[in-house]
Amino acid sequence: LVWKPWSHEAIAAAQAEGRPVLVDFTAKWCATCNANKTFSIDIDATRDVLKELKYETLKADNTLTPENIVREIQSFGRAGVPLVLLYSPDANVKPTVMPASFTPSMIQDALKKAAGKK
């Protein structure tokens with residue numbers, strides 16, 4: 001997967017191209033974040049769904065707790081990472097907020113739904 005840095009502008013640019021967006025708010029010290037990525041996100045089946053649906057993948061690195069990332073995490077009612085958001089290509093649709101930990105099938109189903117596929 002090619003992870004680009006998270007920003008509101010990066011989300012808007014992908015949506016303007018009609019692409020859905022996965023944002024992974026993560027930190028190097030976060031065991032649950034690393035487990036989600038290793039066992040559910042960065043696996044062949046999920047990568048295939050991301051590629052097929054033309055997802056933009058953005059990473060918000062909270063390792064050093066930058067203020068803008070902390071504020072964004074809090075705006076979704078979370079105290080910290082992990083936070084995985086799935087944005088529809090339609091900027092008027094609120095993002096899907098994944099649970100703190102999830103299975104491969106949970107993320108794959110949510111990716112399809114957020115992109116408008118069944």
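Which side chain meets that of arginine 19 in a salt bridge? In this predicted model, it is that of glutamate 17, at 3.8 Å from N to O, where a salt bridge puts a side-chain nitrogen of Lys or Arg within 4 Å of a carboxyl oxygen of Asp or Glu. Arginine 19 is partly exposed at 22% relative accessible area, while glutamate 17 is exposed at 57% (buried is under 20%, exposed over 50%, partly exposed in between, with a 1.4 Å probe and protein chains only).

The count of salt bridges comes to six.

On the nonpolar side, the largest core has 17 residues, and Trp6, Ile11, Val21, Val23, Phe25 and Val81 touch the most other members. A core here is a set of buried Ala, Val, Leu, Ile, Met, Phe, Trp, Tyr and Cys residues joined through side-chain atoms within 4.5 Å. Helix 1 (8-16) and strand 2 (21-26) are among the elements that each supply at least two of its residues. A separate core of 15 residues includes Ile41, Met98, Phe102 and Leu111.

Residues are numbered from 1 along each chain as its sequence is written. Local features need pLDDT of at least 70, side-chain atom pairs count only at pLDDT 80 or more, totals for chains, interfaces and linings use all residues, and side-chain values use heavy atoms, leaving out hydrogens and water.

Terms used
Helix = DSSP H or I, 4+ residues; strand = E, 2+ residues; numbered from the N terminus.
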